[in-house]
Structure formats: structure tokens, C-alpha cells
Amino acid sequence: LGEATLPEAPFFPRNGLTLGLWNSDTPSINVATNLYGSHPVWFEQLTRADSDSGSGGSGDAGGGGAHGVFLRNSVPVDVDVRAETLSYRATGGTFELYFFAGPSLQQAVQQYHGVVGR
């Protein structure tokens, strides 16, 4: 979720951590060059115990399926992560929210790549 160095890496803490995503870059713009930006995207791999159906068969380890959420916005964003919720707060701009249903983690990532490119 963003580019953050956390002592819990590679696991993301769900203890009420709020990450502020605010980018700055050099004032000059180079033609045909990507500019720095945040992609607040969240992917979650569910285990069979987490899944409502418990039927497995998703193609991922754990058998519970996977999903992703991506917010496309051009203004500062705060992302608040708690045990059961993920909240986005933006100071303005457009609010384009994408849901990637998977059902496998690989499929959710491929769906995300379909929106932002690879």
C-alpha cells in the first residue's frame, strides 16, 4: 500500500495505522517519462477459514480466494488500516474506486494491471 518502509514488512499491520500518500517530484517534466505517483492498492488473500463459503477451489493456497481495491486520485490521500476495515480519505479531486474480485490473487493482480498497465 504505497511505498512505505514498515518494520512489520512484508506483513501490513492492521492496528489503526494511517499512511499519508503525498507525492512530490522535480518541477521539470520530461516528455515520454513516467512521473512519480502513488497507487493506493490493497490486495488480500483470504484463507478458507476467512471465506464465507469455505468451499475452496480458488486456485490459491488457503482456498479462500482473494480480492483487491484500488483508489485512483490525483490529490493527497490518507489510508487508514484497521483490523476489519480499510478507509480512504482524499482532500479533493476525482474519486475512482476499483474492485478486483479475483477469485485468485493472480487474477486480482491481472485485473489491476488491466486498469493501470503493467
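Biologist: Are Phe70 and Tyr112 buried or exposed, and how do you know?
Modeller: Both Phe70 and Tyr112 are buried. The label buried goes to residues under 20% relative accessible area, exposed to those over 50%, and partly exposed to those in between, with a 1.4 Å probe and protein chains only. Phe70 has a relative accessible area of 2%, which is under 20%, so the label buried applies.

Biologist: What kind of model is this, and how is it numbered?
Modeller: It is a predicted model, in which local features need pLDDT of at least 70 and side-chain atom pairs count only at pLDDT 80 or more, while totals for chains, interfaces and linings use all residues. Residues are numbered from 1 along each chain as its sequence is written, and side-chain values use heavy atoms, leaving out hydrogens and water.

Biologist: How many aromatic pairs does the structure hold?
Modeller: Five aromatic pairs are found. Phe70 and Tyr98 make one of them, with ring centres 5.8 Å apart and planes at 25°.

Biologist: What makes the pair of Phe70 and Tyr98 stacked or edge-to-face?
Modeller: Rings of Phe, Tyr and Trp (its six-membered ring) pair if their centres lie within 6.5 Å; planes under 30 degrees apart count as stacked, over 60 as edge-to-face, and the rest as tilted. The distance of 5.8 Å is within 6.5 Å and the angle of 25° is under 30 degrees, so this pair is stacked. Phe70 belongs to strand S3 (residues 63–72) and Tyr98 to strand S6, so the pair ties together parts 28 residues apart in sequence. Tyr98 itself is partly exposed, because its relative accessibility is 24%.

Biologist: Why does the pair of Phe70 and Tyr112 get the label it has?
Modeller: Their ring centres are 5.4 Å apart and their planes stand at 80°, so the pair is edge-to-face. This pair ties strand S3 to helix H1 (residues 105–116), since Phe70 lies in the strand and Tyr112 in the helix, 42 residues apart in sequence. Ring pairs also link Phe43, Phe70, Tyr98, Phe100 and Tyr112 into a cluster.

Biologist: How many helices and strands are there, and what makes a strand a strand?
Modeller: The protein has one helix and six strands. Both are DSSP runs numbered from the N terminus: H or I over at least four residues for helices, E over at least two for strands. Along the sequence, the pattern reads β-β-β-β-β-β-α.

Biologist: What is the strand order in the open sheet of three strands?
Modeller: The order is S1-S4-S5, with antiparallel pairing. From one strand to the next, the twist averages 15° (angles run from 0 to 180 degrees between the N-to-C directions of lines fitted to C-alpha atoms, for helices over the stretch in contact).

Biologist: Why is S4 called largely enclosed?
Modeller: Because four of its five residues are buried. Asp80 is buried, with a relative accessible area of 7%.

Biologist: What makes the contact of Arg82 with Asp80 a salt bridge?
Modeller: The term requires a side-chain nitrogen of Lys or Arg within 4 Å of a carboxyl oxygen of Asp or Glu. Here the closest N and O atoms are 3.1 Å apart, so the contact qualifies. By this rule the count is one salt bridge. Arg82 is partly exposed, at 45% relative accessibility.

Terms used. Pairing = 2+ DSSP bridges.
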